[in-house]
Amino acid sequence: MAGLRRFRAPLSTATRFVLFLGVAALLASPAIAQRVRQITRFDVTHLGNHAVDDLGSVAFFTSDIDPYGTNPQGLIQVFKKTLPGGSLVQVTALEDDAYDISVSDDGGTIAFVSAADPLGANPDGSAEVFLADGDGGSMVQLTNHPAGGNAGNAVLAGGAGKVLFSSTGDLTGSNPSGHLQLFVIGTDGTGLLQLTSATGASVFDEIAINDLGIGVAFTDSGDLTGGNPDGSTELYRMMADGTGLTQVTSTTDDDVRSMSYAGKGTMLAYATNGGELYSVPWGSTTATVRDDLAAYPSLNDNATAIYYVCGGHQPGDPRRRQQHRVRGVR
Ligand SMILES: [Ca+2]
Ligand SMILES: [Ca+2]
């Protein structure tokens, strides 16, 4: 599936953290009834994000748990859970928090952001993007913010060739103002490119890159092309070579709340704050309504199905119970 990162604030109070599996297996076989399996149960104070490989054979997540006594400081580390019902491994032993975990389609490469200095190349403690294999070995510091700025969210393309990330750094000489921008870099460290020229309002709520690292999609409240003077959250797309920036949606009172980008790059799906679910082919700005009272769409690689949460909170609505649905896309 295409790499996708949703920005979420960590939970501040003690929370029972439970990771469920179901999406990956479901997307592989949309016609088969969903089986949801609870794979963790810990009392923790931080609920990080999680990522699953294409086969649903391994899940990675970030958390401050200390199941083996190897994280006594309660820092947020990367953990790996073999599925279904396999072992739990602490992948990182960083001296600062890790966050924004993403994984390649084959489960063999992970990317994450941390202000730690595990390799001696980040003495200033800025937030940097790191790569490692699925066991935490062969770690590489992919970015370098030597003169201020920090990496924000980051996401690894499914094919493991590129990483899309946000940063306030002036990494290529094109961001002296230090605004938050999107960048892309090859996982071999080459090809660093600043993709956006935002002037301050951008937060890049969700960012995604397709499996081959060719196309990029993101949601943002910035006015990046002159088509969003009201500052609502819109869906944008562009090529990973920096060309073709396009505002896909044009909302005035119904922000884009969540989105998905098919791994093969042919389709986008998004849900608005008002709960409308749409799909829109890559290259088009004409969207098709797929459902309402919907949120958190997830397209499969071939864009033949959308998995999403459905259900409202309006009293009297017969669908007020939340459920998970799959809808075919043609
Ligand atoms: Ca640094
Ligand atoms: Ca708008």
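Modeller: What follows covers the conventions, then the requested part strand by strand, and then some other places in the chain.

The model is predicted, so local features need a pLDDT of at least 70 and side-chain atom pairs count only at pLDDT 80 or more, while totals for chains, interfaces and linings use all residues. Residues are numbered from 1 along each chain as its sequence is written, and chains are lettered from A and ligands numbered from 1 in the order in which they are written.

The protein has one helix and 28 strands; helices are DSSP runs of H or I with at least four residues, strands are runs of E with at least two, and both are numbered from the N terminus. Of its 330 residues, 46% count as buried. A residue is buried if 20 or more other C-beta atoms lie within 10 Å of its own, exposed if 12 or fewer do, and partly exposed in between, with C-beta atoms placed from the backbone. Among contacts with a separation of 6 or more, 42% are between residues 24 or more positions apart; a contact means that two C-beta atoms, placed from the backbone, lie within 7 Å.

Strand E23 covers residues 267-272 and strand E24 covers 277-281. Five bridges join E23 and E24, in the antiparallel sense; two strands pair if DSSP finds at least two bridges between them. Leu268 has Val280 of E24 as its bridge partner. The hairpin of E23 and E24 has four residues between the strands, and Gly275 there takes a positive phi near 95°.

Glu276 belongs to the loop between E23 and E24. Glu276 has 18 other C-beta atoms within 10 Å, so it is partly exposed. Leaving out residues up to four places away in sequence, Glu276 touches Ala271, Val289 and Asp292. The C-alpha atoms of Glu276 and Asp292 are 4.3 Å apart, although 16 residues separate the two in sequence.

E24 also pairs with strand E25, residues 288-291, antiparallel and through three bridges. Ser279 stands opposite Thr288 in E25. Six residues lie between the strands in the hairpin of E24 and E25, where Gly283 takes a positive phi near 95°.

Past E25 comes Leu293, in the loop between E25 and E26. Leu293 is buried because 20 other C-beta atoms lie within 10 Å. As background, most residues other than glycine have a negative phi, and most peptide bonds are trans.

Next is an open sheet of three strands, in the order E26-E27-E28, with antiparallel pairing. E26 and strand E28 (323-328) are the edge strands, each with a single partner, so one side of each is left without a neighbour in the sheet. From one strand to the next the twist averages 25°; axes are lines fitted to C-alpha atoms, for helices over the stretch in contact, and angles run from 0 to 180 degrees between N-to-C directions. E27 and E28 are joined by six bridges and run antiparallel, and Ala305 stands opposite Gly328 in E28.

Asn300 lies in the loop between strand E26 (294-299) and strand E27 (305-310). With 26 other C-beta atoms within 10 Å, Asn300 is buried. Asn300 and Lys264 are 36 residues apart along the chain, with 8.8 Å between their C-alpha atoms.

Elsewhere in the chain, another open sheet has four strands in the order E10-E11-E12-E13, again with antiparallel pairing. Strand E10 (98-103) and strand E13 (140-141) stand at its edges with a single partner strand each, so each has one side without a neighbour in the sheet. E10 and strand E11 (residues 109-114) run antiparallel and are joined by four bridges, with Ser102 opposite Ala111 in E11.

Ser138 sits in the loop between strand E12 (128-133) and E13. Ser138 is not a glycine but has a positive phi of about 50°. Ser138 counts as exposed because it has 10 C-beta neighbours inside 10 Å.

A cis peptide bond, with omega near -10°, leads from Leu83 to Pro84. Pro84 lies in the loop between strand E8 (77-82) and strand E9 (88-90).
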